[in-house]
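Here is a short report on how parts of a protein model meet. Look at the structure first, then read on.

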Amino acid sequence: MATPLHARSAPAAQERRSTPLFTERRVNRALAWVWVGGFFVFLLAPLAVIVAAAFGEPVHGRAVFPPPALTLRWFGAIQGEYLTTLGRSVALAAAVVVVCVALGVPAALGLVRSRWRGKAALTALFRAPVQIPAVVTGVAFLQLYYIVADATGWLGAGTWTGLLVAHVFIALPFVVGSVVAVVQRFNTSLEEAALILGASPWSTLRRVTLPAIAPGIYSGATYAFLTSFSDLPVALFLSSSDVRTFPVLLFQAMDYEFDPALLAVATIIIAASFVAMLLFQRWVGINALLRSGK
Amino acid sequence: MAAVMLSGISKRYGDTAAVLPLDLSVRDGEFLTLLGPSGCGKTTTLRMIAGFVAPSTGHIAVAGDDITGLPPQRRNMGMVFQDYSLFPHLTIADNIAFALVERRVPAAQRAQRVKELLELIRLPHIAGRFPSELSGGQQQRVALARALAHTPRVLLMDEPFGALDAKLRETMQEELRAIQTSLRITTIFVTHDQAEAMRMSDRIAVMNQGRIEQLDAPRTVYDLPRTRFVADFVGKINFVDATVVRRCGDGVEVDSLGLRFALAAANTAAAGDRVTLAIRPERLYLAPVDEVAPADALSIEGAIEHIAFLGNVMHTEVRATDGTRLLVESQPADWTVGARLRVRFRPTDASVLTEAA
Amino acid sequence: MTLPWPRFLLPPLVLSLALLVGSMYVFLKGSFHADLGVGRLGEAFTLANYRKLFADSFYLNSLWLTVQLSAVTTLLTIVVGVPVAYVLARMRSRWGPVLLAVIVAASFVTIVIKVLGLNIIFAANGGLNRLLLELGMIAQPLTIAGKVEGVAIGLLYFTLAFIVILLYSVMLTIPRSLEEAAQNLGASRWRMHWRVILPLALPGIIASGLIGFNLCMGAFTSAALIGAGKILTLPVLIQRTVIFDTKYGMGATLAVVLLVTGLAVNLLSILLVSRLNAARGMTA
């Protein structure tokens, strides 16, 4: 029997005996499957209709589900601007990851390893950006950039650098959080083993500590990438007509006559999300994502 | 010259002393065990030798060089940890070669050395695997190979077999001892398991509350414990009150169990002092009341209070006529509770504890 | 191992602190200054914004709506998510990791795209509405645009996948042996879930719910896109006040109220959980 639910808890003898059709176990199992099945239908429905509509003809200029006929023309109709915007969003998210890892990994090591009394307060400080609604962060950075521009001439609003700084701000907590989680669980006798074998502390950090905490870094990096790539509210305040991320483009496009070619781009993003998940599971393991989620 | 010399080494954490000032000289090529219950300071002592813990006082010298201030990476030691601590992201070969890479040994030489070590631990086929793919015993062997790769001056081992099951532990103990003897590497081994210490060591330092209570060959520690703690920690033992009658040469004549006899004593007890004698249960013999004792044996009369049959041996509790309770370990025999008998022993099998009674 | 750890911490700390304090100070202090129009703020310190906010039912309704929507959505997320997380955590087949991966991948997709999908599903001439109309189950097409229910659905999609992942980790921490023990004692499955698993998972469920609630309180995208200017939750109102009305002072005041309300709810829940734990400690 391939049914996995609670398979072991019943004595084997009971399994073999011919049982009535509606035992409590069977009813419970059926209910559980209906519930879980319903959940997945609900969860995936919006994504599924986008993919379906991206391959379908529109009705009266609007995408519908189910589509009346299948076509590939929307993929051919993707405007260059969509792809450049998508590319810039990916580049921005990648830059956010690089900066967040460069700042977050040392921060996490420092947080766990320093013997300061105020460490709890510092940990809370690094978490703070997550607690602030993104809209508030967006407005606040916009105003901060105005003031900085008045004082120094450096432009933050409507520039990629400005977006980068703001996205680093909202994404850094995820890197710090997941790396702190792995460093705390990290077995320091691994470092002692490296030291006694002749490795200097820096060499130990490079050859032992960093590789050992890598899963935490990867999962933090993944969350940082998604935070930047998925963000709408912050980018909405800080983007300009030249500098805008893909979510902003999509948001603005949804207000007006909707171009079905955007569904094709969305389909590419959905596919990329699933591919990214598969790669992560293969290379790092899904557990790294779960652990840092807590 | 001593391979490792600790002089006046101690460690305090705030108000609590983990290790009181102690001296210890480990001989070249010796297998020395620090034995004691948890919290006795044995691991702290080992970690001071390794360089992970800075001693509060004292000096550590290896082959005459003072290394007290050296960081662990410059002490040229090898260490096997309780949880193996193999690097999970490196293959077995890379784990073993770790110290060689740090020492910039050329790749070809490294590979040769890894091969030698894998043969030494009799696991030549696992070079490409990762630690998570090995059993506990295999990981333990790899940890040993890794600790030996750079031919360290001293091998340190911190309860390395604690996580293994009893049977595997015995095999590993024998293998380790064989490897240690063949390489003649000075080894300092920490354990709380007295049988393990007995089986493997050239000498045992029994530690308690931050002090070394006795440092001797296993046999001496067992047969002639110097303190109540050592006597009690290393197997079962009987304690018997005695009064010193007079000193005679290296020993004392005592009055105990209603008998008067002479025995060796390392302490300075003087006539009239109350002392404690310790004697192992298997050094006591049960005999019928009317049997004639050999010339060198003493005997006292008593009655059996309790018998426990343990398979290969029998534990008999005897209450002597003067009220002292004695535990006797013997071959199983047909004694019954309540039977009157004589308990026989040789004065040379008893030791006088150095502490005052 | 000793490396200069505090020095590792210093650069990120200084940067984070500067950005946090800098941005929040600049923005939130605006709540104590009057809006003079076109984005300018008065010099004088005033509580006028706060007085206006608490006197105007428009703002108070928005606050109340935000809290209500967040609470209802969170409750829905928990009710839907707990059984799913439990079943996945107890699953022994090889499909378990696959299903989990699907949820994680779904959480990777930005809410903007999910809302786009919802718009297609609930299009007036879409398949769902045509089907329901033909079946006679509805008289008018079901739509979400500009409706509170629609915004709730949008918020649900914003948090659901992520919260189920959190709940899954919570469920993993409950040892299976406990359930077997409860069953050996004769508890039926439903009673066992009710009396053994739920109490054990409760702190984790509450913590996850709190995270979901915080996410909803701050959620902008689904509320803005589905609300279509008719459903004004606080985050949407903040954006509109700043962008359309260029009233930074009022926007900041709304932000302060949003932050404080979120904080108060968090503190209350922490208090509740600790009392819950204390009560349990006494009976144990």
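A polar contact is a pair of N or O atoms within 3.5 Å; within protein, one must be able to donate a hydrogen and the other to accept it, and residues adjacent in sequence count only if both atoms are side-chain atoms.

## The model

This is a predicted model: local features need pLDDT of at least 70, side-chain atom pairs count only at pLDDT 80 or more, and totals for chains, interfaces and linings use all residues. Residues are numbered from 1 along each chain as its sequence is written, and side-chain values use heavy atoms, without hydrogens and water.

## Two domains in chain A

Chain A is assigned domain 1 (25–71) and domain 2 (80–291); such bounds come from an automatic or database domain assignment. Their centres, taken over C-alpha atoms, lie 31 Å apart. Nine residues of domain 1 and seven of domain 2 make the contact (heavy atoms within 4.5 Å).

About 640 Å² is buried between these domains, and carbon and sulfur atoms give 83% of it. Buried area is the accessible area (1.4 Å probe) that two parts lose on being put together, summed over both. A:L47, A:I50 and A:A54 supply 50% of the area that domain 1 buries against domain 2.

The rule finds zero residue pairs in polar contact across this interface (both at pLDDT 80 or more).

## Chain C against chain A

Here 87 residues of chain C meet 92 residues of chain A. The buried area is about 8,300 Å², with 81% from carbon and sulfur atoms. Three residue pairs are in polar contact across this interface (both at pLDDT 80 or more).

Conventions:
Chains lettered and ligands numbered in written order.
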